[in-house]
Amino acid sequence: MHYRTTFLYRNAPEPEFRCGVMHSTKDIMIWVKIHPDRLPARVWSARWDRIDHAQIVDQQQVELDDEFSVHSRFDAVEQAIVGFYWSWD
């Protein structure tokens with residue numbers, strides 16, 4: 001399944017994109033494209049332990065590609081939150 005969405009916020013959101021998996025699944029691929037006027041200094045691929053008051057339990061720094069996007073493949077995901085977060089430092 002492919003799913004594509006575009007976000008447009010009135011106020012600045014948290015600098016992250018997360019996807020929750022309630023049961024278990026294999027092979028989730030997530031792409032996030034950053035607007036060229038708001039390129040972050042650093043981006044991480046991450047797993048969080050829950051939705052609210054979440055703590056990052058695993059992270060890996062990733063690089064933006066030539067189209068200002070990042071992508072990561074999350075293998076076996078079971079009752080977890082996966083995605084990206086970034087900072088402008």
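Of the 89 residues in the chain, 28% are buried. This figure, like every other value reported here, comes from a predicted model. The accessible surface of the chain amounts to about 7300 Å², and carbon and sulfur atoms contribute 48% of it.

Turning to the fold, the chain contains six strands and zero helices, giving the pattern β-β-β-β-β-β when read along the sequence. The chain is as compact as a globular protein of 89 residues, because its radius of gyration of 13 Å is close to the 12 Å given by the globule rule for that length. Along the principal axes, the C-alpha trace spans about 35 × 30 × 25 Å. Among contacts in the chain with a separation of 6 or more, 74% are between residues 24 or more positions apart.

A closer look at one residue brings the picture down to the local level. Ser69 is placed in strand E5, which covers residues 69–74. Ser69 has a relative accessibility of 8%, and it therefore counts as buried, the cut-off being under 20%. The side chain of Ser69 makes a polar contact of 2.8 Å with the side chain of Asp65. When neighbours within four places in sequence are left aside, Ser69 is in contact with Val32, Lys33, Glu63 and Leu64.

How values were computed:
Residues are numbered from 1 along each chain as its sequence is written. This is a predicted model: local features need pLDDT of at least 70, side-chain atom pairs count only at pLDDT 80 or more; totals for chains, interfaces and linings use all residues. Side-chain values use heavy atoms; hydrogens and water are left out. Helices (H or I, at least four residues) and strands (E, at least two) are DSSP runs, numbered from the N terminus. The radius of gyration is taken over C-alpha atoms; the globule rule is 2.2 Å times the number of residues to the power 0.38. Buried means under 20% relative accessible area, exposed over 50%, partly exposed in between (1.4 Å probe, protein chains only). Contact means heavy atoms within 4.5 Å. Accessible areas come from the Shrake-Rupley method with a 1.4 Å probe; for residues, only the protein chains shown count as cover. A polar contact is a pair of N or O atoms within 3.5 Å; within protein, one must be able to donate a hydrogen and the other to accept it, and residues adjacent in sequence count only if both atoms are side-chain atoms.
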